[in-house]
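Please keep the sequence and the three-dimensional view at hand while reading.

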Amino acid sequence: MDRPSSLFDKLWQSHVVHQDEDGTTLLYIDRHLVYEVTSPQAFEGLRLNGRSPRRPETVIATVDHNVPTTTKERHSTDSIPDILSRQQVKQLEKNCKEFNINFFGLGSRNQGIIHVIGPELGGTLPGMTVVAGDSHTSTHGAFGALAFGVGTSDVEHVLATQCLAMKPMKQMLVKIEGTLPFNTSAKDLILTVIQRLGAGGGAGYAIEFDGPVIRQLSMEGRMTICNMAIEAGARVGLVSVDEKTIDYLRNRPYAPQKRYWDAAVTRWQSLVSDPEAHFDKTLVIEASTIRPMVTWGTSPDMVSSVDDVVPDPDDEVNPVKREGMRRALEYMKLLPGTPIRSIQIDKVFIGSCTNSRIEDLRAAAAIVAGKSVSPTVRQALVVPGSGLVKEQAEAEGLDLIFKKSGFEWREPGCSMCLGMNDDRLAPGERCASTSNRNFEGRQGTGG
Ligand SMILES: CC(C)[C@H](C(=O)O)[C@@H](O)C(=O)O
Ligand code: SF4
């Protein structure tokens, strides 16, 4: 009998082009997602070397990180106020035209955050290798795809050769037993996993998430989990394929259609870890212990339950961690022992590739309906992850609920997730964000 394989083994093995004695492997890449920030040098490199993309039809390009999110500033690329952003957006458009790449620009209803539009279009399929010059490419692992972020030189390499040299990874299984308690979601679950593993605990691993709770989650929830695998240090997050995966993909424009569909489904159904598959490490979490979580610090593992208080660095035995906590509290201007619920915020951001899909907007709208943004909150933004999410939300009247409550309803993009566009925090402002990283200065200097 064949040795039992994990999902990771199956994905890796089916893409090996060549393997060196030290394990370094040349992998074939099926799907490449490209955006404006990490691609200009890659295209320039191609040009300088007289090369062109080997399979342009496997590339999907869009603009997300530095696009404005107000209608006024984006009715054309010329209206983007920031010069560098305007140049990068225009350059990508030009590069895609020159190299015959599918591009969803500002005017397209398919424009959005790459990690939202890839799955939404059926561009991410089970069994694929998926790369992008962005660390949160791990998101796509929710579909039983081997997906990871690469650097700009690798963006060029994949464009030119459709291959990538990779070192082997260790494998971790994170199993979530039981059922998620009332008022907790995929985000609380992954923050709990990161708290348990630490921000570096997943380094060198591909993490597969499994167990009854993962099976109960929607595809949106699974994407949230895989999205943040990187915040535990892992480059890859994975979920084995099931009926939900297949249902989500049916009739998506880039998914196999008609007579190809059944054959694809048969193959996808084999993309699960075998029962006795080997993992280098296993973490089991009982879901009933999960509480609504927030971060109080400047690293994604600095998390507490909303019912808790800001922790005291003096209680931390590890001197490195203790120092990190002190520094974070100083930056956040928070005191140990402060109840989390009493922390004043200046802004609210609902969006990002972690939490800007339709399910997230429905959940947020259900909570804010009939209530108003507090007068002490200066700005509250809702930024849909893509043009299609925005359309769907508007068809359901969610935009009206948000606007009535005092939120601004914006156009798709990365927005306040990171300070590469006009949606930023001012120095000293505190923001409650649904995004994935809380690093110092990420949402605006001193914010
Ligand atoms: C700009 C990009 C390289 C970066 C990433 O790789 O993740 C960004 O998307 C982020 O979230 O910090
Ligand atoms: S939404 Fe945030 S985390 Fe996601 S790709 Fe954009 S900047 Fe990175």
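Ligand 2 is surrounded by Asp-64, His-65, Ile-113, Asp-134, His-136, Ser-352, Cys-353, Cys-414, Cys-417, Leu-418, Ser-435 and Asn-436. The model is a predicted one.

**The ligand shells**

- The shell around ligand 2 consists of five nonpolar, five polar and two charged residues.
- Ligand 2 lies between domain 1 (7–166) and domain 4 (343–436 + 443–447), because both domains give residues to its shell.
- Around ligand 1 stand Val-37, Thr-38, His-65, Asp-134, Ser-135, His-136, Gly-149 and Leu-418.
- The residues around ligand 1 divide into two nonpolar, five polar and one charged.

**Strand 6 and its partners**

- Strands of a sheet pair through backbone hydrogen bonds, in either a parallel or an antiparallel sense.
- Strand 6 (residues 129–132) runs parallel to strand 3 (residues 31–34), and three bridges join the two.
- Within this pairing, Leu-33 has Ala-132 of strand 6 as its bridge partner.
- Strand 6 also pairs in the parallel sense with strand 7 (residues 146–149), over four bridges.
- Here Val-131 has Phe-148 of strand 7 as its bridge partner.
- Both faces of strand 6 are covered: Thr-129 and Val-131 are buried on one side, and Val-130 and Ala-132 are buried on the other.

- Four strands form an open sheet in the order 17-16-15-18, with parallel pairing.
- Strand 17 (408–409) and strand 18 (431–433) are the edge strands, each of which pairs on one side only.
- Strand 15 (residues 347–350) and strand 16 (residues 379–382) are parallel and share four bridges.
- Ile-350 is placed opposite Val-382 in strand 16.

**The nonpolar core**

- In soluble globular proteins, nonpolar side chains tend to be buried together.
- The largest nonpolar core has 118 residues, of which Ala-61, Ile-207, Val-236 and Leu-381 touch the most other members.
- Helix 6 (residues 186–197) gives the largest share of this core, seven residues.
- Beyond its neighbours within four places in sequence, Leu-381 is in contact with residues including Val-348, Phe-349, Ile-350, Phe-407 and Met-416.

**A residue of helix 12**

- Is Arg-362 buried, partly exposed or exposed?
- Arg-362, which lies in helix 12 (residues 358–368), is partly exposed because 15 other C-beta atoms lie within 10 Å.
- Arg-362 and Gly-202 are 160 residues apart along the chain, and their C-alpha atoms are separated by 31 Å.

Key. Residues are numbered from 1 along each chain as its sequence is written. Chains are lettered from A and ligands numbered from 1 in the order in which they are written. This is a predicted model: local features need pLDDT of at least 70, side-chain atom pairs count only at pLDDT 80 or more; totals for chains, interfaces and linings use all residues. Two strands pair if DSSP finds at least two bridges between them. A residue is near a molecule or strand if its C-beta atom, placed from the backbone, lies within 6 Å of it. Ala, Val, Leu, Ile, Met, Phe, Trp, Tyr, Cys and Pro count as nonpolar, Asp, Glu, Lys and Arg as charged, and the others, Gly among them, as polar. A residue is buried if 20 or more other C-beta atoms lie within 10 Å of its own, exposed if 12 or fewer, and partly exposed in between; C-beta atoms are placed from the backbone. Domain bounds come from an automatic or database domain assignment. A nonpolar core is a set of buried Ala, Val, Leu, Ile, Met, Phe, Trp, Tyr and Cys residues joined through C-beta atoms within 7 Å. Two residues are in contact if their C-beta atoms, placed from the backbone, lie within 7 Å.
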